[in-house]
Amino acid sequence: MKALTSKFISACLLWPVLAVLPAQAGPGAHGPNGEHLDAPTVAAADGLARLADGSVNMPKLAQRRLGIRTVLAPESEAAATLLLPGRVVADPNASGRVQATHGGRIEAGPKGLPVPGQAVRQGEVLAWVRHHADPFAVASQQAQRAELRAGRELAEQRVKRLEALEGTVPAKDIAAARVEAQSLAAREQSFAASLDARAPLRAPVSGVIARSELQVGRVVEPSEVLVEVVDPARLMVEASTPDATLAAHIAGAELAGLPGVKLHFLGGALALRDGLLPLSFKAQLSGGSLALGQPVELVVALKERRKGIVLPAEAVVRNPANERVVWIKLSAERYLSMPVQVQPLDASRVLVTSGLSPDNRVVVQGAALIAQIR
């Protein structure tokens, strides 16, 4: 009897503990709607969730924390645009190349050899090229120099003899002897200078060294490009297009991804190059920077107009299917993605041409963060 009483008391003490424990479903158990009851249930602590229809639920607190901003998107008109490949080139009026007119060996200039990025002034000596000749030519020049030296010495001695006989020798003979001696001396000096001559390599314009192939002791050939000098504030962008009539329809252009660079259209060439028509643009830098040969993408605005919805470029993101989408606000805490077709307007704006109705409230800041919610 005492043993039964003890078991009853133990069962009474254990029952409250079992009552507070959560019920555990057996493996493979299903609920009334077919959900797996044995799977762990994880609830989002902040209320962020991707719903079954693809929309996203986002509480107000999360919207403020992520910096979500929306605007009403009315339909408007904007210039039609297209994208063209291009590259940065030097302005021929503000750039130049340094070439060797004769072959020779490189020697350092007064300030040493220039390096890329160094600022130089027009006319500044960058380096020297000391001319060289083959041994047979050098021997021939030295022989001619020796002949000139001997002729000069004989002419000077003749002048001295004639000056000693001044009064008995006509003055015109003495003057002729002096002129001949001076002529031979000048020829000898010029010939001696040519044997050990060196030519200066001068900066053609004021600017910055863009490229340098100078090395002390390097032997260069005639017409070899050794240094390229450009003015970084005066650069150009050259685009290309197969459409020969495009130049007449261009209203302006900008560089994609480089808002600090403005382009001014100069004109299109009248001759095709490699099957394409070159288009020239003058670059005006206002905070950006460009480099020679840099590949760029131009957003060219045409004179014709198109209807659509103008949005910031960051409002358009990619969905898991790699489609361009924008997020619109359906309610206070619900957002839905809409596939759209867009074309760039400039470096920071796009024109939505289809897929989006006017007067929708579109997410213009934080769209990429919403797209990451799963």
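**Exercises on salt bridges**

The side chains of Arg-234 and Asp-91 meet in a salt bridge, N to O 3.9 Å, where a salt bridge is a side-chain nitrogen of Lys or Arg within 4 Å of a carboxyl oxygen of Asp or Glu. This is a predicted model in which local features need pLDDT of at least 70, side-chain atom pairs count only at pLDDT 80 or more, and totals for chains, interfaces and linings use all residues. Residues are numbered from 1 along each chain as its sequence is written, and side-chain values use heavy atoms, with hydrogens and water left out.

**Exercise 1.** Determine which parts of the chain the pair Arg-234 and Asp-91 ties together.

*Solution.* Arg-234 lies in the loop between β12 (225-230) and β13 (235-241), and Asp-91 in the loop between β4 (76-90) and β5 (95-99), so the pair ties together parts 143 residues apart in sequence. Strands (E, at least two residues) are DSSP runs, numbered from the N terminus.

**Exercise 2.** Classify Arg-234 and Asp-91 by accessibility.

*Solution.* Buried means under 20% relative accessible area, exposed over 50%, and partly exposed in between (1.4 Å probe, protein chains only). Arg-234, at 38%, is partly exposed. Asp-91, at 9%, is buried.

**Exercise 3.** Describe the salt bridge between Glu-238 and Arg-273.

*Solution.* The closest N and O atoms of Glu-238 and Arg-273 are 2.3 Å apart. Glu-238 belongs to strand β13 and Arg-273 to the loop between β15 (261-268) and β16 (277-285), 35 residues apart. Glu-238 is buried at 16%, whereas Arg-273 is partly exposed at 43%. Finally, Arg-87, Glu-238 and Arg-273 form a network of salt bridges.

Note on methods:
Helices (H or I, at least four residues) and strands (E, at least two) are DSSP runs, numbered from the N terminus.
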